[in-house]
Amino acid sequence: MPQSLMGKTALVTGGSRGIGRSIAERLAKEGATVALTYNASKSGAEEVVEAIESADGSAFALHSDLSDVQAIPTLFEQLDRELIRRNGSKALDILVNNAGNSGWGSFRDATPDNWDAIFAVHARAPFFVVQAALSRLSDGGRIINITSGAGARAMSAVPIYSMAKASINNLTHALAQELGPYGITVNAVAPGWVRTDMNAAVRENVDMVKMIEADTALGRFGETSDIAAVVAYLACEESRWVTAQVIEASGGYKL
Ligand SMILES: NC(=O)c1ccc[n+]([C@@H]2O[C@H](COP(=O)([O-])OP(=O)(O)OC[C@H]3O[C@@H](n4cnc5c(N)ncnc54)[C@H](OP(=O)(O)O)[C@@H]3O)[C@@H](O)[C@H]2O)c1
């Protein structure tokens with residue numbers, strides 16, 4: 001099979017673990033040079049780069065704490081340097097806003113500090129990452145935001161997280177209009193329950209797992225590769241006429 005992203009460049013935030021790792025690996029498998037960011041998991045990020053390179057792909061890791069908006073210009077300076085070194089150009093074709101900290105915390109327990117912390121990573125960072133990426137993004141490029149089913153169907157266990165994800169759905173729509181004249185498509189992928197560290201505690205509760213699986217038409221938790229497959233489609237030429245969409249990839253959760 002020909003690689004659909006040969007010659008393209010991609011930035012995946014939060015590529016050191018979980019869904020971001022799978023996305024980075026899948027885009028690299030399709031031929032893209034992938035820059036992946038990490039915050040705390042340096043060794044995880046190094047492992048992902050190693051896995052990609054040992055499968056003959058091309059990747060590199062960059063540190064960035066996206067809860068700090070000041071870190072974003074530095075991230076892009078590092079990205080420019082490495083892309084110019086590898087490709088002779090800082091052009092970026094695909095941006096995947098994926099990084100996210102866990103958003104657990106009920107309405108009653110919420111504090112202004114944890115509200116700010118969740119919004120900083122899930123809403124403010126993607127907004128300013130896109131703003132910084134604009135001068136690098138090629139015409140015909142792709143922006144893919146990883147949102148959540150909770151963005152459209154708020155979960156009372158995670159009200160702040162749900163609000164932050166709703167704001168990303170909204171931003172996806174606004175950016176699709178703003179960037180359409182350049183042929184750039186902007187879409188979001190909304191996972192349901194995916195087997196990652198983010199919900200490891202939930203998966204320890206057998207009754208919760210049974211309930212979630214019973215509520216899912218396809219009867220199981222999602223795997224990170226299920227989400228990466230949708231991202232790979234949105235990143236490739238075949239999706240050129242799809243923009244401003246929030247695509248739920250949840251196996252049919254709570255239909
Ligand atoms: N898992 C699910 O069921 C599910 C469902 C719906 C939506 N999602 C969304 O999918 C995305 C990925 O989630 P996941 O389940 O893969 O989570 P995960 O396994 O916990 O991984 C989170 C990733 O985000 C990075 N990250 C966290 N805080 C960061 C910060 N302050 N600055 C920079 N990077 C940061 C982590 O980097 P380090 O480890 O290097 O710090 C890691 O690479 C998130 O946007 C999440 O909201 C997940």
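This is a predicted model: local features need pLDDT of at least 70, side-chain atom pairs count only at pLDDT 80 or more; totals for chains, interfaces and linings use all residues.
User: Which residues of helix 1 are buried?

Analyst: Residues are numbered from 1 along each chain as its sequence is written. Helices (H or I, at least four residues) and strands (E, at least two) are DSSP runs numbered from the N terminus. A residue is buried if 20 or more other C-beta atoms, placed from the backbone, lie within 10 Å of its own, exposed if 12 or fewer, and partly exposed in between; in helix 1 the buried ones are G18, I19, G20, R21, S22, I23, A24, E25, R26, L27 and A28.

User: At what angle do helix 1 and helix 8 pack?

Analyst: Axes here are lines fitted to C-alpha atoms, for helices over the stretch in contact, and angles run from 0 to 180 degrees between N-to-C directions. Helix 1 (residues 18-29) and helix 8 (residues 224-235) have axes 8 Å apart and pack at an angle of about 45°.

User: What does that make helix 1 relative to helix 8?

Analyst: Angles under 35 degrees count as roughly parallel, over 145 as roughly antiparallel, 65 to 115 as roughly perpendicular and the rest as oblique. Helix 1 is therefore, relative to helix 8, oblique.

User: Which residues of helix 8 make the contact with helix 1?

Analyst: Two residues are in contact if their C-beta atoms, placed from the backbone, lie within 7 Å. Helix 1 contributes G18, I19, R21, S22, I23, R26 and L27. From helix 8 come T224, S225, I227, A228, V231, A232 and A235.

User: Where does helix 4 bend?

Analyst: The bend at a residue is the angle between axes fitted to the seven residues ending there and the seven starting there. In helix 4 this angle is about 50°, and the residue is A120.

User: Which elements do the buried residues of helix 4 pack against?

Analyst: The buried residues in question are I118, V121, H122, A125, P126, V129, V130 and A133. Their packing partners are helix 3 (71-87), strand 4 (92-97), strand 5 (137-146) and helix 5 (159-179).

User: Is Q131 buried or exposed?

Analyst: Q131 is found in helix 4. Because it has 11 other C-beta atoms within 10 Å, Q131 is exposed.

User: Which residues is Y161 in contact with, leaving aside its neighbours within four places in sequence?

Analyst: Y161 is found in helix 5. With 23 C-beta neighbours inside 10 Å, Y161 counts as buried. Its contacts beyond those sequence neighbours are G103, I118, H122 and A150.

User: Why does D56 count as exposed?

Analyst: D56 is found in the loop between helix 2 (42-54) and strand 3 (58-63). Its phi is positive, near 65°, in a residue other than glycine. D56 is exposed because its count of other C-beta atoms within 10 Å is 9.

User: And what is the phi of A244?

Analyst: A244 is found in the loop between helix 8 and strand 7 (246-249). With 15 other C-beta atoms within 10 Å, A244 is partly exposed. A244 is not a glycine, although its phi is positive, at about 65°.
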